Amino acid sequence: MEDELKFDFCTLYIYSNYLIGVINEGVTINPSHNKILVNVVDTYYREKKFVYITNRVNSYSVNPAIYAETSKVKNLQGFAVVSKDYKAKSNAEIEKLFFDKPFEIFGTLEEAITWAESITN
């Protein structure tokens with residue numbers, strides 16, 4: 001791990017070619033949160049391919065409108081959701097419809113990391 005960043009709504013773990021986000025319980029991710037994430041990407045992944053992995057260990061919601069903006073991040077190669085929870089996986093299937101880059105759902109963090117590394121190398 002290269003860095004760990006704590007915000008009032010999440011913790012981000014920075015690695016060389018992927019970013020793991022753990023969103024806090026009860027948060028609704030909206031465009032203002034997305035701007036913070038884009039700033040982090042600009043700082044750590046400028047001109048470098050990466051995958052965003054959301055490790056959904058907590059229950060939270062996402063405003064699907066953010067995916068239109070997130071899709072515009074040129075060096076973002078894919079988006080992975082990690083959860084063992086059926087409801088979180090079902091929600092991710094709906095979120096996937098709003099995202100126009102590779103979007104996968106995994107049961108373990110290890111599977112998501114393996115996928116992230118395969119599409120960034």
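**Reading strands, rings and voids in a predicted model**

Me: Where do I start, and in which sense do β5 and β7 pair?

Reply: β5 and β7 pair in the parallel sense, over 6 bridges. Two strands pair if DSSP finds at least two bridges between them. Strands are DSSP runs of E with at least two residues, helices are runs of H or I with at least four, and both are numbered from the N terminus. The model is predicted, so local features need pLDDT of at least 70 and side-chain atom pairs count only at pLDDT 80 or more, while totals for chains, interfaces and linings use all residues. Residues are numbered from 1 along each chain as its sequence is written, and side-chain values use heavy atoms, with hydrogens and water left out.

Me: Which residue is the bridge partner of V51 in β7?

Reply: G78. On to β8: β7 and β8 run parallel, joined by 4 bridges. There F79 has F103 as its bridge partner.

Me: How does the chain cross from β7 to β8?

Reply: Through α3, in a right-handed β-α-β crossover. Right-handed means that, with the strands pointing away from the viewer, the path from the first strand over the helix to the second runs clockwise.

Me: How many residues of β7 are buried?

Reply: Buried means under 20% relative accessible area, exposed over 50%, and partly exposed in between, with a 1.4 Å probe and protein chains only. In β7, 6 of the 7 residues are buried.

Me: How do I read an aromatic pair?

Reply: Use the distance of the centres and the angle of the planes. Rings of Phe, Tyr and Trp (its six-membered ring) pair if their centres lie within 6.5 Å; planes under 30 degrees apart are stacked, over 60 edge-to-face, the rest tilted. This structure holds 11 aromatic pairs. Take Y67 and F99: centres 5.8 Å apart and planes at 75°, so the pair is edge-to-face. Y67 sits in helix α2 and F99 in the loop between α3 (86-96) and β8 (103-106), so the pair ties together parts 32 residues apart in sequence. Y67 counts as buried at 1% relative accessibility, and F99 counts as buried at 7%.

Me: What kind of pair do F79 and F103 form?

Reply: Their ring centres are 5.1 Å apart and their planes at 25°, so the pair is stacked. F79 is in strand β7 and F103 in strand β8, so parts 24 residues apart in sequence are tied together. Both residues are buried. Ring pairs link Y52, Y67, F79, F99 and F103 into a cluster.

Me: What volume does the largest cavity have?

Reply: On a 1 Å grid over the protein atoms alone, a cavity is a set of points where a 1.4 Å probe fits but cannot get out; lining residues have an atom within 4 Å of a point. Grid points are joined across faces, edges and corners, and a volume is the space filled by probe spheres set on the points. The largest cavity has about 220 Å³. Its lining has 19 residues, with N34, L37, Y52, T70 and F79 nearest the centre. α1 gives the most to this lining, 4 residues.

Me: Is E47 buried or exposed?

Reply: Exposed, at 78% relative accessibility. E47 lies in the loop between α1 (31-44) and β5 (50-55). Most residues other than glycine have a negative phi. Phi of E47 is near 60°, a positive value.

Note on methods. On a 1 Å grid over the protein atoms alone, a cavity is a set of points where a 1.4 Å probe fits but cannot get out, and a pocket is an open set with protein on both sides within 12 Å along at least five of seven lines; lining residues have an atom within 4 Å of a point.
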